[in-house]
Amino acid sequence: MTGYLYDGSFDGFLSCVFESYARKEQPSIIQTPEQEQPFLLALTSIATCPDKAKRVRNGLKRLSEEVWEMIRDGFLCDCMNNREVSLLRLIHQLFRYGPSAAVNYADPDVNTVCKALRAMRNEAHLLTGFVRFSEYNGVLVSVISPKNQVLPILAQHFSIRFPGEQFMIYDQNHRTAFMHTPQKKEFIEIESLTLPPIGKEEAAFRAMWRSYFDHVAIAQRENPVCQRTHLAMRYRPWMTEFVDQQQENAYQLTE
């Protein structure tokens, strides 16, 4: 049995794929230094090599654009058990049998990857509607806590939606932020984020939004179970209409 140790980046993973072919082996585990190391298995460190990663990337794109997107987006699926190994085994099948291997749902690896992709893309789709921005000194800021690494998908969506705005989306689970200005877009790693107190105008907008949310409902038809089905509890801590009013009250006391 063999195992690989890599830096956790996508290019690092593609470098692992390249090395698995070069060494003619399929590792049983691929993980980062932060993860718990196996007791009886020595791991081989695989350095990230942009050239090797590019060769694997180009090979996948030659198979088909759908195949490339399947692997690219599959790497964002933190909900997938043994993610890197499942993707590696799938890549070996794709290069051996061609793009048709990607729709062989009877295969355990294809089935695992497809299920994870559905969950990740569904989470990203929901967050395009559930993300709430607040203004801090002229910059729109949103904090999210997704299960999967959906920030690249959200970044593309909101960059198209707000091309002229300055905004930031911070993924506190993965400690990554997407920064957008009309001139520049970039992803940066942020260990933690402490936001300043909200201003008077932002507090007023939050109050108006919460008032709208409260008054648009029909009290006689209130159905908490149905509401939780369409608006899961795990999205609510960062949604304006469910945020506790403590922040607004704290601001008003300082006025």
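Is Gly-12 buried or exposed? Select Gly-12 and show the surface around it: Gly-12 is buried, with a relative accessible area of 0%, where buried means under 20% relative accessible area, exposed over 50%, and partly exposed in between (1.4 Å probe, protein chains only). Before going on, note that this is a predicted model, in which local features need pLDDT of at least 70 and side-chain atom pairs count only at pLDDT 80 or more, while totals for chains, interfaces and linings use all residues. Residues are numbered from 1 along each chain as its sequence is written, and side-chain values use heavy atoms, with hydrogens and water left out.

**The whole chain**

Zoom out to the protein chain, whose secondary structure comes to nine helices and eight strands; these are DSSP runs numbered from the N terminus, helices being H or I with at least four residues and strands being E with at least two. The C-alpha atoms fill a box of roughly 70 × 40 × 40 Å along the principal axes, and buried residues make up 41% of the 255 residues. The accessible surface comes to about 15100 Å², of which 53% belongs to carbon and sulfur atoms; accessible areas come from the Shrake-Rupley method with a 1.4 Å probe, and for residues only the protein chains shown count as cover.

**Helix α1**

Return to Gly-12 and select the helix around it, α1 (residues 10-22). Helix α1 has 13 residues and reaches 18 Å from its first C-alpha to its last, close to the 18 Å expected at 1.5 Å a residue, the expected span being 1.5 Å times one less than the number of residues. Ten of the 13 residues are buried, and what covers the buried residues includes β1 (3-5), β2 (29-31), α2 (50-63), α3 and α4.

At the start of α1, a side-chain oxygen of Ser-9 reaches to within 2.9 Å of the backbone nitrogen of Gly-12, which is a polar contact (a pair of N or O atoms within 3.5 Å; within protein, one must be able to donate a hydrogen and the other to accept it, and residues adjacent in sequence count only if both atoms are side-chain atoms). Not counting residues up to four places away in sequence, Gly-12 touches Tyr-6, Asp-7 and Thr-48, where contact means heavy atoms within 4.5 Å.

A polar atom of the Ser-15 side chain lies 2.9 Å from the backbone oxygen of Asp-11, and beyond its neighbours within four places in sequence Ser-15 is in contact with Ile-46, Ala-47, Thr-48, Cys-49 and Ala-53. Just after α1, Lys-24 takes a positive phi of about 55°.

At the start of α5, a side-chain oxygen of Asp-107 reaches to within 3.0 Å of the backbone nitrogen of Asp-109.

Move on to Arg-132, in the loop between α5 and β4 (134-136), which counts as buried at 18% relative accessibility. Its side chain reaches the backbone oxygen of Gly-129 at 2.8 Å, and its contacts outside four places in sequence include Trp-209, Trp-238 and Glu-241.

**Salt bridges**

Which residue forms a salt bridge with Glu-123? Arg-234 does, with the closest N and O atoms 3.0 Å apart, a salt bridge being a side-chain nitrogen of Lys or Arg within 4 Å of a carboxyl oxygen of Asp or Glu. Arg-234 lies in the loop between α8 and α9 (246-254) and Glu-123 in helix α5, so the pair ties together parts that are 111 residues apart in sequence. Arg-234 is partly exposed at 35% relative accessible area, whereas Glu-123 is buried at 2%. Salt bridges that share partners also join Glu-19, Arg-23 and Lys-52 into one network. For another pair, select Asp-78 and Arg-83, whose side chains meet at 2.9 Å, N to O.

**A surface patch**

Finally, select Trp-209, Tyr-212 and Val-216, which form a nonpolar patch on the surface with about 320 Å² of accessible area together. Patches are made of residues with over 30% relative accessible area and no salt bridge, like charges being joined within 9 Å and nonpolar side chains (Val, Leu, Ile, Met, Phe, Trp, Tyr) within 5 Å. Tyr-212 is found in helix α7 (residues 200-216).
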